[in-house]
Structure formats: structure tokens, C-alpha cells
Amino acid sequence: MKLEIGTVLIIGVDFTKESETYKSKVIDLGDDYVMIDYPTDVKTGKTAFLMDGTRLLISFSDKKKMSFAFKTEVLGRAVQGVPMLKVSYQGDDQLIKIQRREFVRVDTSIDVSIEKEGDRIQLVAEDISAGGIAINISKTDIIDTGDELSILIVLPFTNHEIKYIDTFGKVVRTWEDHGRKIASVKFDEVNPIDRQRIVRFCFERQLQKRNE
């Protein structure tokens, strides 16, 4: 099992309502469940109360610094010295691997706003991961390899919730693809809340693809 006692967890709550992001850690392990301490909000530090049945998206890193994500739900709670939540865990084969802190790249046509040296341009993404984004730059000629960009990304979730990711990135290369000019942008350090939102978005897209 890749999860171990003491593993730090980043938790996104639910796929069907306003999401929040929390931190927790593993306290105990079972065959098909994990006991974690009560999650705390990463922004406020307040303890979260999560009802039984609440669906979660949890991400973590193992000792080899490889990152993973999995879908789970709250099964119950217990007190064994400290209050704990019991969440389901279906095994390592259900984990989605995040390579080098980059979530699996998913194809998606989402709106992206780019700012370079005061010029703001509305463009469309080709794909996205938690480590970077590929953008169709056919409509502009001011973006080139090596450019530092301010990026605003619109993430539409399946529950009709929309989140905006405001970050910075560097163009690592540009290329032509079937008549389109594409720029591959690597994100600078993304804060944990925005990173969790991108992970959640990619996870949803992967689930949709699996169900098709």
C-alpha cells in the first residue's frame, strides 16, 4: 500500500457543490479504508465537519516523492486518543499517478486569458495538467518560446461550478499541429488550493473518458 501512517493528504470536498480544500494525515490503515485526522481548511485552519457519504478527492505524495490521487467518501468517525474520520480506500490499483508533480494531461478546450507585457489576449487551451497547459496561439504572434506569461484559466466543472486559476507560466516550446500554432506552458509554483482544483478538473475529465 502506498499510503502510510503519517502521510500528509490534500483533500478536495465533493464534486457536486462549492468545493473547499483541506489538509489531513493518515492515522491508521485497514484493508479497504483509511483513518485520517479531522481535516483542517488550508486557508483558515478551521476544522471541517464532514458528514458520512461526503465524496472526496484526495491527493498525496509517497516516500519517493511520487504524487497520486484517488476518489473516496466518508464512511464514519471514531475516537482512539484523537478524533478520526474513516474513509474508503479501494487499493493502489485505483490511484491515478501524478508524474513529477504533473497530473495526467487531459485534452480540453477551455478558455484561457494570457497577459504579456500589458497585452491581454483571449485564447483556448488544447490540454491541461497540474504542471502546465498547451494553448492554441494561432490568433496571436506575440507569444514565443521563453516568454513569461500571466495566465487566467477558466475551469468548468461537471456540476456547473466555475473556478478561475490565476497563475504564471513560461513558454517552453511552440510548434505547429494541423495548421494550428501551439504553445506549451509550464506553470510556476501553483498554490495548493489551485493545484487541487486543477487535479479535480483533470480527474473529472478522466472519469468522463472512462465512462464513454
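Predicted model: local features only at pLDDT ≥ 70, side-chain atom pairs only at ≥ 80, totals over all residues.
**Exercise 1. Decide whether S184 is buried or exposed, and list its contacts.**

Step 1. Locate S184 in strand β15, which covers residues 180-187.

Step 2. The relative accessible area of S184 is 16%. The cut-off for buried is under 20%, so S184 counts as buried.

Step 3. Not counting residues up to four places away in sequence, S184 touches I133, A134, K170, V171, V172, R173 and W175.

**Exercise 2. Work out where D194 and R197 lie and how their side chains meet.**

Step 1. Both D194 and R197 belong to helix α1 (residues 192-211). They are three residues apart, about one turn of the helix.

Step 2. Recall that side chains of opposite charge can pair when their charged atoms come close. Here the side chains of D194 and R197 meet in a salt bridge, at 3.6 Å from N to O.

Step 3. Check the accessibility of each partner. D194 is buried because its relative accessible area is 9%, and R197 is buried because its value is 16%.

**Exercise 3. Describe the salt bridge between R180 and D177, and say how accessible each partner is.**

Step 1. The closest N and O atoms of R180 and D177 are 3.1 Å apart, and the two residues form a salt bridge.

Step 2. With a relative accessible area of 27%, R180 is partly exposed. D177 is partly exposed too, at 26%.

**Exercise 4. Find which residues are linked with K163 and E161 in a network of salt bridges.**

Step 1. Start with the pair itself: the side chains of K163 and E161 meet in a salt bridge of 3.5 Å, N to O. Both K163 and E161 are buried.

Step 2. Widen the view, and you find E161, K163, R200 and E204 linked in a network of salt bridges.

Step 3. For the whole structure, a search finds nine salt bridges.

Technical notes:
Residues numbered from 1 in each chain as written. Heavy atoms only, no water. Helix = DSSP H or I, 4+ residues; strand = E, 2+ residues; numbered from the N terminus. Buried < 20%, exposed > 50% of the residue type's maximum accessible area, 1.4 Å probe, protein only. Contact = heavy atoms within 4.5 Å. Salt bridge = Lys/Arg side-chain N within 4 Å of Asp/Glu carboxyl O.
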